[in-house]
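Welcome to this structure. Here are some notes to read alongside it, point by point.

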Amino acid sequence: MTEQEALLNLGLQPISNRFLQPGSTERAKQFPIELRLQLGTGLVQLANPFPVDEVRPRYEWLTCFEPEDHLDALVEDIIELPYIDKDSLFGGYSFKDDSTLARLKTKGYHRQWRISPEEDLGLDDPCQSIETYQAVFSQAKANKICQTRGKLDLAIVRHVTEHAYDLPSFLQAVAALMNPDGYIVWEVPDCENALENGDCTTIWEEHIHYFTRHTFKRTLENEGFNIIHDRSVPYPLENSLIVITKGFKGRPQVNTQRTKELDIEYERAYAFADKIKRRRATACSMLHDVKRNRGEIALFGAGHLSVAYMSIMGVTELIDFVIDDNPNKKGLLMPIGGVPIVGSEALYLKSPSLCLLGLNPKNQPSVIDRHSRYKEQGGTFASIFPGSALELEEVLKCGR
């Protein structure tokens, strides 16, 4: 087992998808979150992942969205790879790969399959998702899948590796799907900016590993994958890190050499832990002042980003209500503090003095434009994301 070092203990944290019914006496379960630093790679990861059965969503309407603006360019890169042609067999790990496979199909690359949770993994709960897939996917399952579907010339594995509880076993199982010289297109969230900025919302019980460009490449190399291409695609919330590997040489002797790049990862991780502690104190102080001197505080967006902010920053009791126009969420309670979820009309009916923006930064400008009347009436918008245009600390410091 790779040696690890304690980095940041956040205590008990709620399951962020466990929305509650109004009037319910139920409480969302909480489990400890501790971040550790993996020595030898610099990878930041959860020490003890939440139990899979607890993380599994309870509502079928819960969805996840991954960035896709770069997929057309990615497909062009794929079809230009040596020895890839229309006789090649393409495959995907999960539903997150369907849109890429569909793009390939429109270009005439019709030989493809994707793992079926029901047929290939023996899962039949419609609420089960990535957290459950990774728990049952193994080399034995991969070998059985290939017996009926065929080994792949190119596999697409988007935004699932960070969910793997047993990362080495997961990577080895993906390798078992491949022909000897097959390509694997890996994509994971690039957490470098979040770690640099001290952004607590990047911490999520469903993400076990917080990769940067260096730590993901080093992890793959330590598991025997040959990297032929890598790049980070910029997005407002978190960049997408793409790595393409070709062939698999089996596990080499793990590289533990101390390098300048590894030292950078260590320092970034230590600084991240320190920034979380400092931002928690600052946020609590500022929001206490707003609540005491100006009035109610709302939070726009009832997703896991908002849950992380409320819980990790310790400001749950300062949030009067959460705004979300998703009809499935309106009327429910947040998984922490029993905070009610209401529609955006509350901006005018309740007139909070401050509305924190907890939704993807890409969508924040449209929300602000749509609710310009709230600002005209004296309300203030501020973002929970450090480094964003409306960063809370800067907005309140400047009195905007």
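1. Helices (H or I, at least four residues) and strands (E, at least two) are DSSP runs, numbered from the N terminus.

2. Before going on, please note that this is a predicted model, in which local features need pLDDT of at least 70 and side-chain atom pairs count only at pLDDT 80 or more, while totals for chains, interfaces and linings use all residues. Residues are numbered from 1 along each chain as its sequence is written, and side-chain values use heavy atoms, leaving out hydrogens and water.

3. Which strands pair with E10? Two strands pair if DSSP finds at least two bridges between them. Trp186 stands opposite Val243 in E10, and Phe225 has Phe248 as its bridge partner there. A hairpin of five residues links E9 to E10.

4. Elsewhere, four strands make an open sheet in the order E1-E2-E3-E8, with antiparallel pairing. Its edge strands, E1 (4-14) and E8 (209-210), each pair on one side only. E1 and strand E2 (residues 30-38) are joined by eight bridges, and Asn9 faces Glu34 in E2.

5. Helix H9 lies across E1, E2 and strand E3 (44-46), at about 30 degrees to E1. Axes are lines fitted to C-alpha atoms, for helices over the stretch in contact, and angles run from 0 to 180 degrees between N-to-C directions. Contact means heavy atoms within 4.5 Å.

6. H9 (residues 260-293) also packs with helix H10 (residues 304-312), at an angle of about 85 degrees and with the axes 10 Å apart. H9 is therefore roughly perpendicular to H10 (65 to 115 degrees; under 35 is roughly parallel, over 145 roughly antiparallel, and the rest oblique). In H9, Ile276, Arg279, Arg280, Ala283 and Leu287 meet Tyr309, Ser311 and Ile312 of H10.

7. Finally, helix H2 (residues 71-79) and helix H3 (residues 98-106) pack at about 60 degrees, their axes 10 Å apart, so H2 is oblique to H3. Their contact involves Leu71, Asp72, Val75, Ile78 and Ile79 of H2 with Ser99, Thr100, Arg103 and Leu104 of H3.
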